[in-house]
Amino acid sequence: MTASAPALKAAREIAAWTNALSLDVHEFAARSAELWSGRPRPLSITRGDIARLEELVGAFLETHDFVVGAGAIFSTEAIRSKDGGLEWWIRRERSIEKLEFDLTPGGERFYDYQNMPFFASASRTGEQTVWGPYVDYLGMDEYILTYSAPIQLEGEFAGVAGCDIRIKKLEEILMPTLRSIPGDAALLNAGGRVVVGNSGAHLVGERVRSTSGGRSLIPIEVPHLGFSLLVSP
Amino acid sequence: MAPTTAFQAHVYRSLPETERSDAIVNRISKAISLGLLKVGERLPSETALSEMFGVAPSTLREALSDLRQQGIVATRRGRSGGTFIVKQPFMSPDATRRWLQETSIAELRDLGDEHAAIAAATVRLACERAESHEVGRLLDLARALVMSDKSEARAHADSRFHIELAVLAQSPRLTNAEIRLQAETVQALWAPLSSTRDPERVAAEHLAVARAIADDAPEEAQRLVLQHIRHDIHHLVDAKLSLGYPTNQEERP
């Protein structure tokens, strides 16, 4: 069956919003990369680097009030420190605060970021990626979606820069558009998991395994992210 | 709604500052013993902490001083100073014994009932919602239990597995409930008392649950996890009985 005009319009609106964010994340990753450009490998991450990165993060959070956290993560092969480099900040009421992670393999609270999909996928493909919704209980301790883009230095992958959005916030942002679609509709991630639905029929976090029963999938035209819009007749 | 009776007014009276200080000590100790805050980590500033906990700065300082006296945190001055976590507060065998003696069998059973309710829903949702690569991580966590030979490390591995089930269920609330339940029981489960749990057997039970989730078999996963929790509670009851209720023969002169 063919999708209705309101559904196609909604898909275009969601694509426009997501593309704008994607471009900003890409830009943020490029500016983060500049901090280390021309530096010998393995990279060192100095206090000065972290201070400059914090400024970039502060500016990104300033201009994106729906984003709750942002930062950069380095591949252990790219940096000097064997303990990994996870430089991430979250928004507090009047300031931003750096998060501390356990980066020791085998540690009790080990944050195994190299195996987290938002890192692993960008590392494998060299492209932007999005991961979630997921319960990030070792990191943000929130139900979030993480956007990330690779940090490339001299054409080589060095890590990712990205941002987190609370699912609660994303729901507020996308709901008016989804509600403009008559009938049940939901934004799905690349794995077929509901990100936001416009009714109780599709709840966030659930997986949609088939599109039987006349339901159709409209791709959301954003490169590499794999979002789609599930629409019921 | 304003309290209407004297009883209600008593129940809902504002918390005295001493109870708040104790609550902060308990909250931080539990978070560390569960591995949610780690040794070496710096706590937020005193101002930020008293703001987040919603207590007066003096109350917060009292709590920190208590934690310092217990050797759980240390405060360093200077540019890279602050309050750091320096010790894992694992329940001492004495404290575990006391906890088991004070907790009735009815309360242990009830703890198991709540855990069973949470875990049954959790594994069913995990079957529905987990993706295959996520189950791989669950299997790794299940195996981690036999890698460690210290009771503290086993307790962490055990609780990480159960918390991960709730993460796979995509539910922040079930995750929080599981974290709270783990904080209540996991140290007593692995405490080196008269009878210790066999890590091989517990790991085998965890693996079976993980495989049922991988096979997308919600009925089987639920049956296995309920059986697993029953074993845990049996262990706690046995541990309690071996301490608190001497047999008749022992009591007779």
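Me: Among contacts in chain A between residues at least 6 apart in sequence, what percentage join residues at least 24 apart?

Reply: This is a predicted model. In chain A, 54% of the contacts between residues at least 6 apart join residues at least 24 apart. A contact here requires C-beta atoms that lie within 7 Å.

Me: What makes the radius of gyration of chain A agree or disagree with that of a compact globule?

Reply: The rule is 2.2 Å times the number of residues to the power 0.38. For 233 residues a compact globule would have a radius of gyration near 17 Å, and chain A has 19 Å, so the value agrees. Along its principal axes, the C-alpha trace of chain A spans about 55 × 35 × 35 Å. Of the 233 residues, 41% count as buried.

Me: What elements make up chain A, and in which order do they run?

Reply: Chain A has four helices and ten strands. From the N terminus on, the order is α-α-β-β-β-α-β-β-β-α-β-β-β-β.

Me: How do you know which domains chain A has, and where do they touch?

Reply: The division comes from a domain assignment, which gives domain 1 (15–166) and domain 2 (169–231) of chain A. Their centres, taken over C-alpha atoms, are separated by 26 Å. The contact between them takes 13 residues from domain 1 of chain A and 14 residues from domain 2 of chain A. On the domain 1 side, α1 (5–34), β4 (129–135) and β6 (156–166) of chain A each supply at least two residues, and the largest share, four residues, comes from α1(A). By class, this side of domain 1 divides into six nonpolar, five polar and two charged residues.

Me: What makes up the contact between chain A and chain B?

Reply: Chain A gives 13 residues and chain B gives 15 residues. The side of chain A that touches chain B has four nonpolar, three polar and six charged residues. The predictor gives the complex an ipTM of 0.82 and a pTM of 0.80. Chain B averages a pLDDT of 86, and 91% of its residues score at least 70.

Me: Why is β5(A) called largely enclosed?

Reply: A residue is buried if 20 or more other C-beta atoms lie within 10 Å of its own. Nine of the eleven residues of β5(A) are buried, so the strand is largely enclosed by the rest of the structure.

Me: What makes β4(A) and β5(A) a pair?

Reply: The criterion is at least two bridges. β4(A) and β5(A) have five bridges in the antiparallel sense, and therefore they count as a pair. Val130(A) stands opposite Tyr147(A) of β5(A). β5(A) is also joined to β6(A), by ten antiparallel bridges, where Thr146(A) has Asp164(A) as its bridge partner.

Me: Why is Gln128(A) called buried, and which residues does it touch?

Reply: Gln128(A) is in the loop between α3 (117–125) and β4 of chain A. It has 23 C-beta neighbours inside 10 Å and therefore counts as buried. Not counting residues up to four places away in sequence, Gln128(A) touches Ser22(A), Val25(A), His26(A), Ala149(A), His224(A) and Leu225(A). Its C-alpha atom is separated by 6.5 Å from that of Pro150(A), 22 residues apart along the chain.

Me: Where are there cis peptide bonds in chain A?

Reply: One runs from Arg41(A) to Pro42(A), with omega near -10 degrees; Pro42(A) is in the loop between α1 and α2 (47–63) of chain A. Another runs from Gly132(A) to Pro133(A), with omega near 5 degrees, and Pro133(A) is found in strand β4 of chain A.

Conventions. Residues numbered from 1 in each chain as written. Chains lettered and ligands numbered in written order. Predicted model: local features only at pLDDT ≥ 70, side-chain atom pairs only at ≥ 80, totals over all residues. Domains from an automatic or database assignment. Contact = placed C-beta atoms within 7 Å. Nonpolar A, V, L, I, M, F, W, Y, C, P; charged D, E, K, R; others polar. pLDDT = per-residue confidence, 0-100. Buried ≥ 20, exposed ≤ 12 C-beta atoms within 10 Å, placed from the backbone.
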